[in-house]
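Colleague: I am new to reading structures, and I would like to learn how to look at one feature after another. Could we go through this one together, with the general idea before each case?

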Amino acid sequence: MLFELLILFFPLCCVLDLHSVGGLVPVIKYLRNSNARIRAKAADVVTTVVQNNPTSQQLVMEASGFEPLLSNFRSDPDLTARTKALGALSCKYFVHVFRW
């Protein structure tokens, strides 16, 4: 399911649709899933949504998406999930958070 979301919302013009159809909050919840592959794929979706898109970055912040990404990056036992979380944090999302 998360792979299909990634394909569906890949075009930059469509990233706000994920929020408008109510999909952003569930994806953020998947960042805390017990399955490492699901956490990694959820981080992939967040990466696509926030990449170079300040509006989406703000929506993810408002949906409390920063904390699970940071937690996954710092301490996820699965290397892929950690790497994917770092990717999401680095896609200008990081710049938005710290206002560099």
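Modeller: Let us begin with what an axis is, since we need it for helix pairs: an axis is a line fitted to C-alpha atoms, for helices over the stretch in contact, and the angle between two axes runs from 0 to 180 degrees between their N-to-C directions. Please keep in mind throughout that this is a predicted model. In general, two packed helices are described by the angle between their axes and the distance between the axes. Here, the axes of H4 and H5 come within 7 Å and cross at roughly 135°.

Colleague: What word describes the way H4 lies to H5?

Modeller: The word is oblique, because angles under 35 degrees count as roughly parallel, over 145 as roughly antiparallel and 65 to 115 as roughly perpendicular, with the rest called oblique, and that is how H4 stands to H5. At this contact, H4 brings Val46, Val49 and Val50, while H5 brings Ser56, Gln57 and Val60. Sorted by class, the residues of the contact of H4 with H5 are four nonpolar, two polar and no charged.

Colleague: How many helices and how many strands does the protein chain have?

Modeller: The protein chain has eight helices and zero strands, so that its pattern, read along the sequence, is α-α-α-α-α-α-α-α. Of its 100 residues, 41% count as buried. Among contacts between residues at least 6 apart in sequence, 66% join residues at least 24 apart.

Colleague: Is Val46 buried or exposed, and which residues is Val46 in contact with once its neighbours within four places in sequence are left aside?

Modeller: To answer the first part we need a cut-off, since buried means under 20% relative accessible area and exposed means over 50%. Val46, which is placed in helix H4, has 1% relative accessibility and therefore counts as buried. Leaving aside its neighbours within four places in sequence, Val46 is in contact with Val27, Leu31, Val60, Leu69 and Ala88. Val46 and Ser56 are ten residues apart in sequence, and their C-alpha atoms are 9.3 Å apart in space.

Colleague: How do the axes of H6 and H7 cross?

Modeller: The axes of H6 and H7 come within 8 Å and cross at roughly 135°, and H6 and H7 are therefore oblique to each other. H6 passes H7 in a left-handed crossing. The contact is made by Phe66, Leu69, Leu70, Asn72, Phe73, Arg74 and Ser75 of H6, together with Arg82, Ala85, Leu86, Ala88 and Leu89 of H7. By class, this contact of H6 with H7 has eight nonpolar, two polar and two charged residues.

Colleague: Is Arg74 buried or exposed?

Modeller: Arg74, in helix H6, is exposed, with a relative accessible area of 60%. Arg74 and Leu86 are twelve residues apart in sequence and 9.0 Å apart in space, C-alpha to C-alpha.

Colleague: Where is Ser64 placed, and what phi does Ser64 have?

Modeller: The general idea is that most residues other than glycine have a negative phi. Ser64 has a positive phi of about 60° although it is not a glycine. The place of Ser64 is in the loop between H5 and H6, and at 38% relative accessibility Ser64 counts as partly exposed.

Terms used: Residues numbered from 1 in each chain as written. Predicted model: local features only at pLDDT ≥ 70, side-chain atom pairs only at ≥ 80, totals over all residues. Heavy atoms only, no water. Contact = heavy atoms within 4.5 Å. Helix = DSSP H or I, 4+ residues; strand = E, 2+ residues; numbered from the N terminus. Left-handed = near helix turned anticlockwise from the far one by under 90°. Nonpolar A, V, L, I, M, F, W, Y, C, P; charged D, E, K, R; others polar. Buried < 20%, exposed > 50% of the residue type's maximum accessible area, 1.4 Å probe, protein only.
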